[in-house]
Structure formats: structure tokens, C-alpha cells
Amino acid sequence: MDQGASETGTAAGHAGRLKDDPDMFYLLREFETLYRHGSDGGSRTIRAHRRRVREALSAAIASDPAMIARAAAAKPITGHLSRALDLGERGAMAAMARALRAVRTRLTWEYGYERMPAALARKYAYCEVVGPRGPVTCDSLILGFVLFAPDTTYPQHSHHDIEESYVSVAGAWSENDAAVYAPGSLILNRSDEEHRITTGPVDPCLLAYAWTGTAAALAEPGMKLSPARRRRG
């Protein structure tokens with residue numbers, strides 16, 4: 001297990017099926033509620049994405065999928081998880097934050113890159129809760145959480161054949177320096193759209209995310225950072 005395992009514990013995830021795991025089931029219910037009742041801001045594109053996420057998740061829940069017993073794993077950033085959950089429980093995403101707290105000792109935090117920039121390794125990690133690798137198995141959808149330390153810049157990157165949305169659970173952040181997003185806000189990135197994330201200077205930022213795409217793309221997302229670009233004078 002990685003350094004900092006005391007933050008997320010050492011027990012492996014539950015085996016069996018989703019119906020045998022009430023805490024995980026209720027967490028998925030929070031995702032379903034979020035993508036059913038959250039605002040689309042009048043955007044047809046976001047509305048269609050929310051429907052795809054909701055339909056894939058509803059089908060997965062109805063199928064009572066097999067669970068994969070993944071060992072819990074921490075990263076340095078998970079030292080900020082308690083603060084992020086405390087913040088989340090005070091605001092618009094309180095129910096999601098409470099449901100995540102119930103499974104926090106079972107989360108597998110990871111980087112997703114073969115070569116991880118050293119400066120980013122202490123300030124970022126993500127955990128998957130639904131997807132091809134589990135713990136809740138699904139080949140048409142990935143759901144999870146990403147955690148950032150305060151004052152973090154997540155470099156420019158994109159995802160091929162994958163459409164993704166982020167929903168703020170706690171903390172303030174911006175994408176491509178275009179706006180500041182608060183808890184409850186949703187932002188959508190289409191396939192191959194490059195984006196960069198920055199977080200505020202005081203508190204950690206916790207985002208829920210959803211990826212939709214083909215089974216092949218979700219099984220092998222090929223996460224890569226975009227090459228650094230020379231700044232214009």
C-alpha cells in the first residue's frame with residue numbers, strides 16, 4: 001500500500017454483488033440523483049450527457065453487478081480528504097459527501113499515468129467506484145472522485161473517445177481560467193477537448209466525475225498529459 005494508508009485503511013473492498021453492499025449502493029443512488037435532478041443550465045448538450053450517465057447508471061444498478069474486491073490504497077493527497085468531506089457536508093453536496101464518507105476506508109486512490117510528474121504526485125489522485133475495473137463493474141460508464149490539494153494546477157490534457165463531466169463536491173476551482181466553480185456546479189468536456197484545472201489557494205477541491213464512451217475507450221482510457229506549449233511573448 002502507498003504511503004498514507006492510514007487515511008483510507010487497509011481492508012479490501014467487499015465481494016459479492018451490489019445488493020450486498022448498502023453503503024456503495026447508496027453512493028450510487030446519490031450519483032443517480034445528481035444526474036437526474038441537477039441543473040443543466042439550459043444546455044441541450046449537458047442535458048443529453050446527463051441522460052446518458054443516468055441511463056447507464058440505472059441499467060448498472062438494475063443488473064445488480066458483481067463487485068470487485070479492490071484493496072484500499074492511499075496517496076499523499078488523501079491527507080486532505082477529511083477536510084474536503086467536512087466542507088462538502090456543509091453545502092449543496094452534503095448528501096454526496098456523507099455517502100462518500102461511508103465508503104472512504106475502502107477507496108483505491110491512484111494516479112492513472114505511467115509517468116507521474118513529481119510535483120503533481122503530492123497534490124492529486126482519483127478513485128474509481130464504477131467502471132470496468134470496479135469495485136462496481138460496468139463497461140459503459142465510469143464514475144468516481146478526484147481530489148486536489150489547495151493551489152494546484154492540473155496540466156492541460158484531453159481524453160479520446162470519452163466524454164466527461166465534473167461536479168464540484170467541495171472547494172473552488174476553475175477550468176482553462178474561464179470561470180470559478182462552486183459546489184454543485186457541473187462542467188462538461190467533450191471528446192478530445194483540452195482542459196486544465198486549477199484550484200483555490202486555501203482549501204482542497206473534491207470533484208465527482210462521470211465518463212461515458214465506448215467499452216473499448218473506457219477499458220483503456222490512455223490518460224496522457226498534453227505536451228507543454230511554448231508561451232507567446
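**Note on salt bridges, strands and core in a predicted model**

1. Asp203 forms a salt bridge with Arg83, the closest N and O atoms being 3.2 Å apart; a salt bridge is a side-chain nitrogen of Lys or Arg within 4 Å of a carboxyl oxygen of Asp or Glu. Asp203 lies in the loop between S9 and S10 and Arg83 in helix H3, so the pair ties together parts that are 120 residues apart in sequence. Helices (H or I, at least four residues) and strands (E, at least two) are DSSP runs, numbered from the N terminus.

2. This is a predicted model, in which local features need pLDDT of at least 70, side-chain atom pairs count only at pLDDT 80 or more, and totals for chains, interfaces and linings use all residues. Residues are numbered from 1 along each chain as its sequence is written, and side-chain values use heavy atoms, with hydrogens and water left out.

3. Leaving aside neighbours within four places in sequence, Asp203 is in contact (heavy atoms within 4.5 Å) with Arg83, Leu87 and Pro150. The C-alpha atoms of Asp203 and Ala149 are 7.2 Å apart, although the two residues are 54 apart in sequence.

4. How many salt bridges does the structure hold? There are 12 salt bridges. One of them joins the side chains of Asp21 and Arg106 (2.4 Å, N to O). This pair links distant parts of the chain, 85 residues apart: Asp21 is in the segment before helix H1 (22-37), and Arg106 is in the loop between helix H4 (94-103) and strand S1 (109-110). Both Asp21 and Arg106 are buried.

5. Another salt bridge joins the side chains of Glu110 and Arg70 (3.3 Å, N to O). Glu110 is in strand S1, whereas Arg70 is in the loop between helix H2 (44-62) and helix H3 (81-88), 40 residues apart. Glu110 is buried, with a relative accessible area of 13%, and Arg70 is buried at 14%. A network of salt bridges links Arg70, Glu110, Glu128 and Arg133.

6. Why is strand S6 (residues 162-170) described as largely enclosed by the rest of the structure? Nine of its nine residues are buried, so S6 is largely enclosed. S6 pairs with S10 in the antiparallel sense over eight bridges; two strands pair if DSSP finds at least two bridges between them. Ile162 has Gly213 as its bridge partner in S10. S6 also pairs in the antiparallel sense with strand S8 (residues 186-189), over four bridges, and Leu188 in S8 is the bridge partner of Ser165.

7. The largest nonpolar core has 69 residues; such a core is a set of buried Ala, Val, Leu, Ile, Met, Phe, Trp, Tyr and Cys residues joined through side-chain atoms within 4.5 Å. Among the residues with the most contacts inside it are Leu27, Phe31 and Phe145. Leaving aside neighbours within four places in sequence, Leu27 is in contact with residues including Met96, Leu100 and Phe145.

8. A search of the whole structure finds zero disulfides, a disulfide being a pair of cysteine sulfur atoms within 2.5 Å. Cys127 is buried at 0% relative accessibility, and Cys138 is buried at 9%.

Conventions:
Buried means under 20% relative accessible area, exposed over 50%, partly exposed in between (1.4 Å probe, protein chains only).
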